[in-house]
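Here is a briefing on one protein model, for a reader who works with coordinates. Please look over the structure first, then read the points below.

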Amino acid sequence: MIYLKTEEEIELLRENNILVSKTLAEVGRHIKPGVTTKQLDRIIEDFIRSHGATPAFLGYQGYPASACISVNEQVVHGIPSDNIVIKEGDIVSVDVGTFMKGFVGDSAYTFAVGEVSSDARQLLEVTKEALYRGTAQAKVGNRVGDISAAVQDYAESFGYGVVRELEGHGLGRKMHEEPGVPNYGLRGRGPLLKEGMVICIEPMITMGNRAIVFERDGWTVRTKDRKPAAHYEFAVAIRKDGPDVLTDFRIIEDSLI
Ligand code: MF3
Ligand code: CO
């Protein structure tokens, strides 16, 4: 069942995703060599709660933290840990969820720590651009496959891998609603996009082979070849006049300068 949202519901989803954007900006200021991912998780939880929301990931299917923080070869769902210490040259994907006023926010951003290799820099830029190209397809009358193909074609044109085991999703009162939004697929296939749909698009792109493994902690996903991966995610409402991005990466990027 796909839930179409009213104007008011879309604004509540925007409020949540703006809070997620501000949370990502706040944590971005603290991602420095020497900090642990557990410390970053604490900053995220405090920030979310001090803004009247609760962390949507905490306790979700037993997930033990407020954010997913995935470093280098970790793709997504990295569990914050006292033992993971950020160092210069890392790429750090932070995925944050909020719950407030009956709706969920869910967005992710991959941060570079200091000077990263030019290969890593390109991986981040291409993954973000793949997200933007997918988003441009999120319009009434298109199909989910138009988004999927736009993401896949762009990422693969650089020789990168597109992770297939995980996908984007509808967003609303629940974090995961229909439809699923894969990052690979064929134009013109899949569910029709209608006015009022809200979806999260979240490409997970690998520098090497797309094969992943699930770590024994039951959550962390990493690349099989241990090459780096990037993950960006935002929420998009499908409106009469085109895609309406509810997350604001400018809030994050302005705070990085
Ligand atoms: N952005 C992730 C997703 O869409 C967040 C889920 S992580 C979990 O699946 F910890 F909450 F499960
Ligand atoms: Co998501």
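Leaving aside its neighbours within four places in sequence, Ile31 is in contact (heavy atoms within 4.5 Å) with Leu40, Ile86, Val92, Val94, Phe111 and Val113. This is a predicted model: local features need pLDDT of at least 70, side-chain atom pairs count only at pLDDT 80 or more, and totals for chains, interfaces and linings use all residues. Residues are numbered from 1 along each chain as its sequence is written, chains are lettered from A and ligands numbered from 1 in the order in which they are written, and side-chain values use heavy atoms, with hydrogens and water left out.

**Nonpolar cores**

- The largest nonpolar core holds 51 residues, and Ile31 and Val94 have the most contacts inside it.
- Helix α3 (residues 118-136) gives the most to this core, with six residues.
- A second, separate core has 18 residues, including Ile10, Tyr63, Phe103 and Ala235.
- A nonpolar core here is a set of buried Ala, Val, Leu, Ile, Met, Phe, Trp, Tyr and Cys residues joined through side-chain atoms within 4.5 Å.
- Buried means under 20% relative accessible area, exposed over 50%, and partly exposed in between (1.4 Å probe, protein chains only).
- Helices (H or I, at least four residues) and strands (E, at least two) are DSSP runs, numbered from the N terminus.

- Asp106 in strand β5 (residues 103-112) and Glu233 in the loop between β13 (229-231) and β14 (234-239) are 127 residues apart, so the pair links distant parts of the chain.
- Both Asp106 and Glu233 are buried.

**Strand β2**

- Five of the five residues of β2 (residues 67-71) are buried.
- Ala67, Ile69 and Val71 point one way from β2, and Cys68 and Ser70 the other way.
- In a regular strand the side chains alternate between the two faces of the sheet.
- β2 runs antiparallel to strand β4 (residues 91-100), joined by five bridges.
- Cys68 stands opposite Asp95 in β4.
- Two strands pair if DSSP finds at least two bridges between them.

**Two open sheets**

- One open sheet of three strands has the order β3-β12-β11, with antiparallel pairing.
- Its edge strands are β3 (74-76) and β11 (212-214).
- Three bridges join β11 to β12 (residues 221-223), and Phe214 stands opposite Val221.
- Another open sheet of three strands has the order β6-β10-β13, also with antiparallel pairing.
- β6 (161-162) and β13 each have a single partner strand, so one side of each is left without a neighbour in the sheet.
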